[in-house]
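Me: I am new to this structure and would like to learn how to read it. Please start with the surface and then go on to charges.

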Amino acid sequence: MKYVIIAVIILVVAALFYGGYYMFRSVFDSQVKGEANTDPSFVDSEKDMMRPTSGRLQAFQAPLMEAFHKLPFKELEIKSFDGLKLKGYLLEGNPKEVVICVHGYKSGMDWDFCDKYKIYKDRGSTILFTNDRAHGNSEGRYIGFSDLDRFDVAGWVDKVNEMYDSPKIYLHGVSMGGATVIHCADMKLKNVCGIVDDCGFNSILGISRALCQDVYHLPYFPLGYMSMFWSLLINKVSYTGVVGEKCVRNTDIPIIFIHGKDDHYVPCWMSESMYKACRSPKELHLIDDCGHAAAYMRAPEEYTAAVNRLLDGEVK
């Protein structure tokens with residue numbers, strides 16, 4: 001009987017470790033492809049994390065994509081701190097005002113910026129769109145999930161400073177990109193003068209807990225903690241290594257926080273929490289009837305005015 005109990009314990013522990021590994025790979029491994037849901041009835045359904053504006057956002061962005069892809073991009077490349085080749089795409093304008101745009105999880109520069117890049121184009125800014133590691137044609141197997149991406153953004157900041165003489169640099173991120181630029185706030189990056197965080201999460205632990213509880217209706221213990229173990233072991237990403245509230249508490253960079261009130265992917269309270277913790281000049285814009293990453297579509301004038309205030313040095 002004793003050996004049966006031991007065998008059961010071993011099997012349970014092995015199952016938990018494998019379950020955590022499966023969870024880790026499903027989130028971080030770019031080689032694990034999720035199956036896209038092409039059923040029109042899924043859009044804005046109770047199971048759609050982009051609801052309630054998913055359908056409207058797709059319809060809004062679709063006609064903008066073709067024009068975006070025809071823009072006169074100049075391809076740039078840097079090497080990450082861990083040896084990956086990362087690609088970026090530059091729209092040249094005023095060399096004194098450079099905006100680095102960082103896309104979200106399993107997204108790209110086109111979907112996340114085909115609409116809102118016009119704010120900067122209309123100003124004549126130089127715009128750099130980055131491809132995150134393990135996205136697009138940047139190298140890497142595992143997604144950085146903001147923890148590694150913040151160092152990649154630091155590399156792009158260095159590249160911009162090499163290219164231009166004393167530019168004012170601004171960071172604009174959407175979703176995971178929003179978390180990334182917030183996690184850059186206390187890194188004292190040269191010539192970074194402002195940050196736009198559009199629906200970014202505060203920490204990997206925070207967003208993974210929220211997704212487990214609110215989306216998948218699963219307890220975080222034990223599989224969540226098992227995935228933390230595999231993430232640290234394989235990807236060198238700590239769920240608790242960087243927290244947005246701490247980053248914004250230790251910066252003097254002006255920050256604009258933008259979030260949809262009805263975001264079912266990244267909870268709105270995360271932006272509210274970081275806004276409260278922030279000690280630098282700041283603004284918080286919470287958009288009505290707005291799901292994930294749809295703030296510009298729902299409130300283009302408010303969004304544009306806030307970004308222009310940031311770049312004009314008018315955020316209090």
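Reply: Accessible areas come from the Shrake-Rupley method with a 1.4 Å probe, and for residues only the protein chains shown count as cover. Here the accessible surface of the chain comes to about 14,800 Å², and carbon and sulfur atoms hold 57% of that surface. The model is predicted: local features need pLDDT of at least 70, side-chain atom pairs count only at pLDDT 80 or more, and totals for chains, interfaces and linings use all residues. Residues are numbered from 1 along each chain as its sequence is written, and side-chain values use heavy atoms, without hydrogens and water.

Me: What percentage of the residues in the chain is buried?

Reply: Buried means under 20% relative accessible area, exposed over 50%, and partly exposed in between (1.4 Å probe, protein chains only). In this chain, 52% of the 316 residues are buried.

Me: How many salt bridges does a search of the whole structure find?

Reply: Side chains of opposite charge can pair when their charged atoms come close. A salt bridge is a side-chain nitrogen of Lys or Arg within 4 Å of a carboxyl oxygen of Asp or Glu. The search finds 15. One of them joins Asp-115 and Lys-116 at 3.1 Å, N to O.

Me: Is Asp-115 buried or exposed?

Reply: Asp-115 is buried, at 3% relative accessibility. Lys-116 is buried too, at 1%.

Me: Which salt bridge does Asp-289 form?

Reply: Asp-289 pairs with Arg-298, with the closest N and O atoms 3.5 Å apart. Asp-289 is partly exposed at 32%, and Arg-298 is partly exposed at 33%.
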